[in-house]
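Here is a short tour of one protein model, written to be read with the structure open beside it. Let's begin with a single residue and widen the view from there.

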Amino acid sequence: MTRADSATIEDRLISQGRAMLSGPGRWGHVALLAAALAMAATLGSLLATESGLPPRTITALSVMLAMALAWVAYAVWVLAQRRPLFGRHRVVASAMGSGFAGLYTAGAVTLWLGADMPGAGPAAGLGVVMLAGGVLLLIRARRQVQALQAWRRRLEGGA
């Protein structure tokens with residue numbers, strides 16, 4: 001590898017690293033943190049103050065609370081980093097989104113098939129669309145991280 005190749009790869013890594021969590025990226029994660037905290041506070045207060053809710057509603061609200069708290073933890077993790085994450089945050093976020101979309105889809109399909117609820121069919125369809133989008137984002141994020149790792153190996157003089 002020539003010195004020019006190394007300089008080009010290094011410039012690409014630096015520019016991509018700056019773009020990963022630059023100002024707009026950080027502000028987006030601050031917005032995610034605020035929204036997830038608001039959602040968690042709302043769901044937590046509903047669960048704490050509404051004693052007469054049916055068990056199925058309590059279960060649904062508890063699952064949504066767990067999801068909101070997971071997004072809070074993710075946003076705090078990203079914002080606590082003092083250096084670019086080089087795509088790891090995208091892999092984690094897309095994996096979380098895919099998992100949550102899968103859980104939503106499974107619940108909607110269960111209601112559609114088992115409880116004969118007419119509104120659950122369109123909800124299941126929406127879940128499939130969300131799950132497909134999440135999986136596509138996860139594949140894209142993993143490929144991006146693999147490309148960055150390959151560039152790093154080349155810079156370090158490896159394969």
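## A buried tyrosine

Y74 is buried, with a relative accessible area of 6%. Here buried means under 20% relative accessible area, exposed means over 50%, and partly exposed lies in between, using a 1.4 Å probe and protein chains only. This is a predicted model, in which local features need pLDDT of at least 70 and side-chain atom pairs count only at pLDDT 80 or more, while totals for chains, interfaces and linings use all residues. Residues are numbered from 1 along each chain as its sequence is written, and side-chain values use heavy atoms, with hydrogens and water left out.

You will find Y74 in helix 3; helices (H or I, at least four residues) and strands (E, at least two) are DSSP runs, numbered from the N terminus. Setting aside neighbours within four places in sequence, Y74 is in contact with H29, L32, H89, V92, A93 and M96, where contact means heavy atoms within 4.5 Å. The side chains of Y74 and H29 are joined by a polar contact of 3.0 Å. A polar contact is a pair of N or O atoms within 3.5 Å; within protein, one must be able to donate a hydrogen and the other to accept it, and residues adjacent in sequence count only if both atoms are side-chain atoms.

Q81 counts as buried, at 16% relative accessibility. A polar atom of the Q81 side chain lies 3.4 Å from the backbone oxygen of W77. Not counting residues up to four places away in sequence, Q81 touches R26 and R88.

## Helix 5 and its end

Helix 5 has 36 residues and reaches 52 Å from its first C-alpha to its last, close to the 52 Å expected at 1.5 Å a residue; the expected span is 1.5 Å times one less than the number of residues. Its buried residues include A120, G127, L138, V145 and W151. L126 also has its place in helix 5 (residues 120-155), but L126 is partly exposed, with a relative accessible area of 45%. Together with Y104 and M130, L126 makes a nonpolar surface patch of about 260 Å². Patches are made of residues with over 30% relative accessible area and no salt bridge, with like charges joined within 9 Å and nonpolar side chains (Val, Leu, Ile, Met, Phe, Trp, Tyr) within 5 Å.

Side chains of opposite charge can pair when their charged atoms come close. R152 forms a salt bridge with E156, their closest N and O atoms being 3.1 Å apart; the rule asks for a side-chain nitrogen of Lys or Arg within 4 Å of a carboxyl oxygen of Asp or Glu. By this rule the count comes to 1 salt bridge. R152 is exposed at 54% relative accessible area, and E156 is exposed at 58%. G157, which follows helix 5, has a positive phi near 90 degrees.

## The whole chain

How many helices and strands does the protein chain have? There are 5 helices and 0 strands, giving the pattern α-α-α-α-α along the sequence. Of its 159 residues, 26% count as buried. Among contacts with a separation of 6 or more, 69% come from residues 24 or more positions apart.

The accessible surface of the protein chain comes to about 10000 Å², and 67% of it belongs to carbon and sulfur atoms. Accessible areas come from the Shrake-Rupley method with a 1.4 Å probe; for residues, only the protein chains shown count as cover.
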